[in-house]
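Me: I would like to go through the terms applied to this model and see what each one rests on. Please set each value against its cut-off.

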Amino acid sequence: MRVGLLTGGGDCPGLNAVIRAIVRKGKTVYDDELIGFYDAWDGVIEQRSISLDVLMLRGMLPKGGTMLGTRRGNPYDREGGVEAVRKTFADMQLEALIVIGGNGSLSVASRLHADFGLPILGVPKTIDNDIFGTDVTFGFHTAVQIATDAIDRLHTTAESHDRVMVVEVMGRHSGWIATYAGIAGGATVVLIPEEPFDIDEVCALLARRHERARYASIVVVAEGAMPIEGSLEIADRGVDRYGHKRLGGIASIVAEAIEERTSYEARVVQIGHVQRGGTPTAYDRVLSTRYGLAAIDAAHDGAWGQLVVLRGREVERVPLADAAGRTRTIDMPLYRDVAKVFFG
Ligand code: F6P
């Protein structure tokens, strides 16, 4: 079978491990031809690709990033893009395309399958853990570990200076990274997009802490967290070149508001793309490997328009159409009944 694969959207620890698993089983069990497209859909449109073999993947399991490169572009937004994708399928006699991507790439995959019946399937990737249909995406645990390590380090400097450290983590419109890192790192409070925050309540909580002679605090804020309406001014930063809402900067607003209202000294730490770089954790390596193997099996089953997912302990398949265009937000009981118990 001639199987193409691409990595799309933001990079994420574990991408190379997925590619490695697809190639290993594709070659050794199915005797497939594996074609890696460079730079996501751009490579499919422009027919820029590389033939993959087992040797080329040697040493890639622990490597962050993606050996194929990635982009956020979308063939539907590019003049002649969709026609070019269809031409590539025909010219290269592709019998399958495995799309390893986040919400954006998986929506495109779902649409191409629905519109033209192309033999496409998906693997859920993102540090944000916000893909509908799966319990976990690979990359999430690594991002949480990196954020937790940062918070661990911030405790000691915060305590030495009696400061409030406001730590901004990624996650777009879901609070998964913030909640997990907040629980794991022993945050004083965690602010997430799913529940608008009241800055006065945050300050009151910090003040109560001071009354207990706890002068250092860690406030974890998700990049997509929003204050309750009318309480704090948040400038709209518009969209990036792919039409995604620009996020980032909420920690500075929160820190400033805390200083103004309490006079406690505050500092801002934006962990940023460090959360996405470098080697995947062991958990993510195993998950990526399982997803890669499940994806090549799904291709041989002709499971087009499907997404491999983790449900409980099992890797299963769900229709891409069920996941496309939806955001999986935090399980509120985890935030309310676990994280919140430790606030203050
Ligand atoms: O979706 C992954 C993610 O890291 C988000 O958490 C973050 O908002 C965004 O990508 C950053 O995107 P970019 O790499 O385009 O700056």
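**Terms and cut-offs**

Reply: Across the interface of domain 1 and domain 2, the rule finds one salt bridge. The model is predicted, so local features need pLDDT of at least 70 and side-chain atom pairs count only at pLDDT 80 or more, while totals for chains, interfaces and linings use all residues. Residues are numbered from 1 along each chain as its sequence is written, and side-chain values use heavy atoms, with hydrogens and water left out.

Me: What makes the meeting of arginine 276 and aspartate 11 a salt bridge?

Reply: The term requires a side-chain nitrogen of Lys or Arg within 4 Å of a carboxyl oxygen of Asp or Glu. For arginine 276 and aspartate 11 the N to O distance is 2.9 Å, so the pair meets the definition.

Me: Where do the two domains run, and how far apart are their C-alpha centres?

Reply: Domain 1 covers 2-139 + 280-323 and domain 2 covers 141-277, with bounds from an automatic or database domain assignment. Their C-alpha centres lie 33 Å apart.

Me: Why is isoleucine 131 called buried?

Reply: Buried means under 20% relative accessible area, exposed over 50%, and partly exposed in between (1.4 Å probe, protein chains only). Isoleucine 131 has 0%, and is therefore buried. Among the residues that isoleucine 131 touches are Leu106, Leu307 and Arg328.

Note on methods:
Contact means heavy atoms within 4.5 Å. Lists of a residue's contacts leave out its neighbours within four places in sequence.
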